[in-house]
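Colleague: I'd like a close look at just one part of this one, pairing and packing included. Take your time over it.

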Amino acid sequence: MIKRLPREVVARIASGQIASSPAAVLKELIENALDAKASEVKVQVVTPFNFRVSDNGIGIPYRELPLAVERFTTSKIFSVEELERVTSYGFRGEALFAISQFSTLEIKSRHEAEEVGGKLVVTAGEVKEHSPIPFRRGTTVTVSNLFFNVPVRRKATSQKERSLMERLTLRYALANPHVTFKFGELTLPATSLKERLIQVTRGKPKFQLIEGDGVTLFFSREERGPRELFVNRRPVSVPEVERLLEEFGVKAFVLFMELPPEEVDFNVSPLKEKVLFKSERGVKALRELLEGEFNLPKPSVQRAKAEEDTGPIELIGSDGTVLIAHDRKFYYFFDQHLIHERVNYEELLKALFAGKVKKVKLVPPVTVPVTVKEKLDAIHAVYAESEKGLTVYEAPELITPEEIKKLESQPLETVASVACRRAVKAGYVFKEFKELESLFNRYLRCAERERCPHGRPIYYKVRKQVIYSHLGRKRI
């Protein structure tokens with residue numbers, strides 16, 4: 001038999017998704033303070049179940065205080081159209097209502113347009129007091145005895161919750177450097193984004209900065225550290241962005257992405273920690289920025305524009321292991337062995353698919369499924385059809401019988417192995433600079449220049465200005 005749930009049960013279920021932990025409650029209160037245009041936010045934590053958030057924002061009108069703790073009441077949006085282009089942190093109208101269900105919630109506030117403030121006290125969703133009080137401009141929200149009526153959740157709260165609450169505060173401080181933040185005895189005065197990053201991370205690791213279309217990325221490829229992503233100043237998780245940064249070998253990052261509000265959907269989960277992109281603009285801009293910073297300038301038509309900025313890559317020399325080159329903006333350090341391996345691999349594949357690699361007989365012949373027929377044709381193998389599939393009698397000498405058997409599911413690893421064996425070893429010094437230059441030019445013509453056939457990165461590049469600054473020199 002289907003029944004409607006009582007209102008108090010519905011309220012408890014919905015509130016539990018938002019007030020899921022002390023840190024989640026603190027998150028909502030900090031966001032409210034920032035939405036109120038506060039220039040100072042102060043967090044005081046006595047215990048994870050007893051804490052206070054104060055701000056000097058615009059405040060809440062006295063008469064609207066009871067409305068602030070009702071469900072689905074908000075000053076942030078008023079229509080479906082506004083939901084499609086949210087610019088504030090809050091917009092669901094559930095936070096204070098949810099928090100009041102599991103605690104004693106005290107709100108003191110005075111709106112900027114009123115001379116008298118107000119006080120509201122709510123316990124387990126029931127208003128206990130609503131009275132006028134003298135109060136400065138802004139709002140102070142005190143949460144007491146959080147989860148007193150849900151002991152299981154209280155017991156499950158992490159012992160590290162206080163440090164999680166401090167870390168959460170620092171994340172919002174990082175996204176809002178123009179705001180002064182206080183957490184206990186720690187004070188982060190309003191400043192620039194670069195200085196705020198130093199305040200929060202204490203200068204470790206040492207970040208480099210690159211900026212592009214709506215993308216500001218502080219990163220380190222040498223040291224591990226924070227991995228923070230902000231979309232329109234909101235701390236979120238976007239797996240595809242995090243995977244992209246890993247692809248380029250970024251170990252630590254603080255990434256800010258600014259997108260038109262209508263291209264981002266924050267209304268994915270009650271905690272608003274997930275986000276959906278409605279277009280590929282943000283990820284595409286980030287990829288282009290990373291490719292410009294870490295990859296070689298692209299050859300062909302696209303390279304002409306790159307050369308206007310960086311100039312052609314010029315070879316400097318090699319110590320037998322590392323090959324060094326440069327353009328106007330970067331120094332490049334290539335693994336000489338991997339360069340040769342990549343050149344060998346692409347030239348061997350080209351010869352293989354052109355049918356120019358010597359064939360050898362397979363004894364005994366190898367039988368494979370009919371589904372690999374196109375692959376056998378591509379490598380110019382000699383085979384015949386039978387009831388059991390395709391029987392291969394001859395194959396290029398680069399490919400082993402075992403690889404023939406696994407053609408359906410695995411790439412041609414033997415070609416990569418041969419390419420590796422034929423490449424110069426670490427420590428090999430070319431007698432003539434022209435030989436080294438010839439190898440480097442062959443490499444620059446390769447289709448894939450970022451990784452060797454086994455997946456290792458071929459080179460590392462660093463901005464010249466980074467080197468100059470370490471040497472105490474200005475830009476040359």
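In strand 22, which residue is the bridge partner of Tyr332?

Modeller: That's Lys461. Before going further, bear in mind that this is a predicted model, where local features need pLDDT of at least 70 and side-chain atom pairs count only at pLDDT 80 or more, while totals for chains, interfaces and linings use all residues. Residues are numbered from 1 along each chain as its sequence is written, and side-chain values use heavy atoms, with hydrogens and water left out.

Strands here are DSSP runs of E with at least two residues, helices are runs of H or I with at least four, and both are numbered from the N terminus. Two strands pair if DSSP finds at least two bridges between them. Strand 18 (residues 330-335) and strand 22 have five, in the antiparallel sense.

Four strands make an open sheet in the order 16-17-18-22, with antiparallel pairing. Strand 16 (314-318) and strand 22 (459-463) are at the edges with a single partner strand each, so one side of each has no neighbour in the sheet. From one strand to the next, the twist averages 20 degrees. Helix 12 (residues 336-353) packs on this sheet, touching strand 16, strand 17 (322-326) and strand 18, and its direction makes about 70 degrees with that of strand 18. Contact means heavy atoms within 4.5 Å; for the angles, axes are lines fitted to C-alpha atoms (for helices over the stretch in contact), and values run from 0 to 180 degrees between N-to-C directions. Helix 16 (residues 433-444) lies across strand 16, strand 17, strand 18 and strand 22, running at about 125 degrees to strand 16.

Back to Tyr332, for its ring this time. With Phe330 it forms a tilted aromatic pair, 6.1 Å centre to centre and 55 degrees between the planes. Rings of Phe, Tyr and Trp (its six-membered ring) pair if their centres lie within 6.5 Å; planes under 30 degrees apart count as stacked, over 60 as edge-to-face and the rest as tilted. Phe330 and Tyr332 are both buried, which means under 20% relative accessible area, against over 50% for exposed and in between for partly exposed (1.4 Å probe, protein chains only). Ring pairs also tie Phe330 and Tyr332 into a cluster with Phe334, Phe440, Tyr443 and Tyr459.

Lys461 turns up again here: it lies over the face of Phe330, at 4.1 Å from the ring centre. The rule is that NZ of Lys or CZ of Arg must be within 6 Å of the ring centre and within 35 degrees of the ring normal.

Strand 19 holds Pro364, which a cis peptide bond joins to Val363, with omega about 0 degrees. Strand 20 and strand 21 (residues 389-396) run antiparallel and are joined by five bridges, and Glu385 has Leu390 as its bridge partner in strand 21.
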